[in-house]
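Please keep the sequence and the coordinates in view while reading.

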Amino acid sequence: MSEASYPELRHDHALDGLNTLGLSARAAHFMRLSREAELAPALALAAQRGWPVSLLGGGSNLILAPHLDGLVLQPGFADCELTPGADGSVGVRVAAGHDWHALVMAMAARGLWGLENLALIPGQCGAAPIQNIGAYGVELAEVLEAVELRYLDDGRAETLGVGECAFGYRDSLFKGELAGRVMITHLRLRLSTRPRPRLDYGDLGRRVEGEPSPLAVAEAVCAIRREKLPDPLALPNAGSFFKNPVVPGPLAEALIKDHPTMPHFAQPEGKVKLAAGWLIDQCGLKGWREGPFGVHERQALVLVHHGGGDARGLLAFAERVAERVRSRFGVVLEREPRLMGRFD
Ligand code: EPU
């Protein structure tokens with residue numbers, strides 16, 4: 001097939017506006033898929049030309065190298081279908097290209113419970129399972145039934161039940177064994193018309209009154225996030241830059257002894273999760289800026305890009321932040337956003 005059959009195909013395409021860190025990046029070839037059926041011909045073209053294929057969702061959890069080889073595909077299909085189930089449950093099948101926050105608000109406005117704590121998380125639905133998005137005490141895996149995907153090598157379709165996705169804290173099979181091998185095409189979620197507010201995280205419970213609706217909870221979550229987290233459109237960032245570290249019990253005990261107010265959360269097998277934002281904050285780094293990059297002034301876990309920097313500069317800046325935490329607390333911070341493109 002000639003390239004004329006692919007009206008959406010772009011060459012040497014700028015991705016600057018397609019990543020929330022606002023990093024300058026170019027894809028050798030780029031195509032936004034407006035229908036799932038466009039994937040198979042796109043894969044055939046890439047195979048014919050010898051282009052490696054990679055995927056971009058909302059670009060909100062990615063660090064893009066300046067150059068991306070091969071064909072970058074972005075799912076643009078955004079269908080959403082609701083099916084009433086037993087006991088007040090409602091099945092939702094939503095496509096990869098649907099905006100996540102728009103889905104959360106639409107479901108909350110219909111009075112459906114399950115997604116409201118995950119309001120205002122940037123990005124597309126298809127990316128949500130990759131890092132098992134989570135906020136205010138809820139993780140995606142708790143409302144997910146299955147993930148529909150297609151393999152990039154031969155386009156075959158598969159549906160994985162939630163138990164097959166190896167979900168963990170900010171982790172899944174899609175970051176491990178299936179990384180770079182599949183396109184998530186649809187999520188199947190299970191929501192409920194029956195009230196099940198989850199208000200135990202931080203001061204969320206104090207922000208809502210009486211018996212709240214899912215919309216009231218979602219709006220309270222939005223208000224908290226707007227107070228703490230910078231809007232990527234105003235100040236480019238990728239949300240939390242580091243995972244909250246899970247450390248061995250004895251290290252946590254020693255740190256708590258020295259810092260009795262340190263936030264800490266018990267985990268399985270005697271381990272303890274610490275707050276990376278608190279650790280960075282304690283190093284006096286909140287608001288620290290070096291050239292184009294900085295630590296956000298209200299939430300130290302978020303690194304921000306003031307403009308004019310590149311991925312390499314960002315990684316070096318992040319390394320300096322992590323090194324300060326390591327030398328002060330003996331805790332190693334792990335990066336949360338994924339790298340995409342050539343970093344040699
Ligand atoms: N803290 C500080 N200083 C800071 C930041 C945090 O002292 O600069 C303290 C807070 O006072 C609190 C504790 O650290 O006691 C935890 O802070 P917070 O509740 O803000 O949450 P977090 O652990 O920093 C995680 C997620 C966020 C999510 C929030 C709310 C990770 C890596 N991050 O942040 O997710 O919105 O909880 O559930 O797990 C994201 O992944 O991009 C993201 C924003």
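The model is predicted: local features require pLDDT of at least 70 and side-chain atom pairs pLDDT 80 or more, whereas totals for chains, interfaces and linings use all residues. Residues are numbered from 1 along each chain as its sequence is written, and side-chain values use heavy atoms, with hydrogens and water left out.

The ligand is surrounded by 21 residues, a residue being counted if one of its heavy atoms lies within 4 Å of the molecule. Y136, Y169, R170, Y201 and D281 are the closest. By class, this shell contains ten nonpolar, five polar and six charged residues; Ala, Val, Leu, Ile, Met, Phe, Trp, Tyr, Cys and Pro count as nonpolar, Asp, Glu, Lys and Arg as charged, and the others, Gly among them, as polar.

Which atoms of Y201, R225 and A300 face oxygen atoms of the ligand? For Y201, a polar side-chain atom lies 2.7 Å from a ligand oxygen. In R225, an N or O atom of the side chain is 3.2 Å from an oxygen atom of the ligand. On its own the ligand has 820 Å² of accessible area, of which the protein covers 81% (Shrake-Rupley method, 1.4 Å probe).

Helix 4 (214-228), strand 13 (237-240) and helix 6 (276-282) each give two or more residues to the shell, and helix 6 gives the most, with three. Helices (H or I, at least four residues) and strands (E, at least two) are DSSP runs numbered from the N terminus. Because domain 2 (80-228) and domain 3 (237-340) both contribute residues to the shell, the ligand lies between them; the domain bounds come from an automatic or database assignment.

Strand 10 (residues 144-151) joins strand 11 through five antiparallel bridges, and L149 stands opposite E158 of strand 11.

Another open sheet has four strands in the order 1-2-5-3, with mixed pairing. Its edges are strand 1 (10-14) and strand 3 (53-55), each of which pairs on one side only. Strand 2 (residues 26-33) and strand 5 (residues 67-75) run parallel, joined by seven bridges; A27 has L68 in strand 5 as its bridge partner.

How values were computed. Polar contact = N/O pair within 3.5 Å; in protein donor to acceptor, adjacent residues only side chain to side chain. Pairing = 2+ DSSP bridges.
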